[in-house]
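Start with the terms, then go strand by strand and helix by helix.

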Amino acid sequence: MKFSTRSIHAGRKPDPITGAISPTICQTSTFTFDEFNKPGDYDYSRTGNPTRSALEEAIANLEGGNAGFCFSSGMAAVTTAIHLLKSGDHAVVGEDIYGGTHRLFSEIMTKYGIDFTFIRMDSEEKLEAAIKPNTKMIWIETPSNPLLNITDLSMVSKIAKEKQILTVADNTFPSPYFLRPIEYGIDLVLHSTTKYINGHSDVIGGAIVTTTEELAKDVHFLLNGMGTNAAPFDSWLILRGLKTLPLRMEKHASNAIAVAEYLLDHPKVSEVFYPGLESHPGHSIAKNQMDGYGGVVSFKLKTDVPKFIESLEIFHLAESLGGADSLVEHAATMSHASMSPDARKQAGISDDIIRLSIGLEDNDDLIEDLSKGLDGS
Ligand SMILES: *Cc1c(COP(=O)(O)O)cnc(C)c1O
């Protein structure tokens, strides 16, 4: 079945007792055993829950993996995935990844003897040079945040496979509708389902999709052992959001390219970052590996950042992305404030960078709002 059909039906079937089309929210902590020493399919909701299972199956299906796991947040998924490593291991990580992931790795996981090298993953030479004898993981975000840099997934997975290094792609930005990293040989796919997969700015959640039985077993062991699981009601909301993922992604992307092209010509804007623009350095790789370019547009403003933001009406000043409502944020003081000033500098996240999460409003209204903001800055 095609993607749009699977985003509605995968993991779900009408309730066998009532026929309800909408899955039942299985709001329970525990489940009765069939008999002594014989649990049923479920025994305790941290370990597994039917509402969460439906979402896990749906996301695994859309990503093309063998199993899925859902978490209480994107960071809970990241925390779980990084615990596949142990003290003494090393990971190579994209330098301009999500600020919270950067903080977890560089300030928390290093305390437990795991080392990280942060690089721009734009060439084989740079990646090969960063790999050490104890490198066990390569962590990628493409397009990256907030600069929308593109990483060639086939290039990374080829090198990783030769050296038996596990590859992880945080696929939050494109969503599986525009990119399925497993098709390019990536081992583990991760999501902040808070963003496009849920899509309505009303839930915090995360997911991991695996590609082998062994990885699935390890990830489930960590989820259950660390208690990073998603709640049933949150899983239900995300399942509801998932049904419209294809429609939403198409609209996010068509609005985003219109906004990017508008900003490109504006005299108060010095640089626009959107992989759908031909001028973007990663455009040709993005064109090959993605089915669309997503809904995030970043740019460098030549004039006053606070004045610009305060002059906007439709774009609300808020962290996060991927919802129906358009949002604006200042990377250095908001999404990437958890990175040190040096790490931001290395990654090219300067103080004039503004990130827009393009929502589902009419694109004429969005452009008019940006025009007001730029006039006011
Ligand atoms: C938001 C985000 C995260 C963290 O997810 P939460 O749901 O906020 O915990 C991780 N990676 C990326 C790319 C994100 O955008």
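Buried means under 20% relative accessible area, exposed over 50%, and partly exposed in between (1.4 Å probe, protein chains only). Helices (H or I, at least four residues) and strands (E, at least two) are DSSP runs, numbered from the N terminus. This is a predicted model, where local features need pLDDT of at least 70, side-chain atom pairs count only at pLDDT 80 or more, and totals for chains, interfaces and linings use all residues. Residues are numbered from 1 along each chain as its sequence is written, and side-chain values use heavy atoms, with hydrogens and water left out.

Q: How many of the residues of strand β5 are buried?
A: Strand β5 covers residues 166-170. On one side, Leu166, Val168 and Asp170 are buried, and on the other Thr167 and Ala169 are buried. In a regular strand the side chains alternate between the two faces of the sheet. β5 is largely enclosed by the rest of the structure because the buried count is five of five.

Q: In β5, which residue is the bridge partner of Ile138?
A: Two strands pair if DSSP finds at least two bridges between them. Strand β4 (residues 135-141) and β5 pair in the parallel sense over five bridges. The bridge partner of Ile138 in β5 is Thr167.

Q: Which strands stand at the edges of the open sheet of five strands?
A: The strand order is β8-β9-β12-β11-β10, with mixed pairing. Each edge strand has a single partner strand, so one side of each is left without a neighbour in the sheet. The edge strands are β8 (269-273) and β10 (316-317).

Q: At what angle do helix α10 and helix α14 pack?
A: Helix α10 spans residues 245-264 and helix α14 spans residues 363-376. Axes are lines fitted to C-alpha atoms, for helices over the stretch in contact, and angles run from 0 to 180 degrees between N-to-C directions. The axes of α10 and α14 are 10 Å apart, and the angle is about 35°.

Q: Is Thr32 buried or exposed?
A: Thr32 is found in the loop between α1 (3-9) and α2 (50-63). Its relative accessibility is 70%, so Thr32 counts as exposed.
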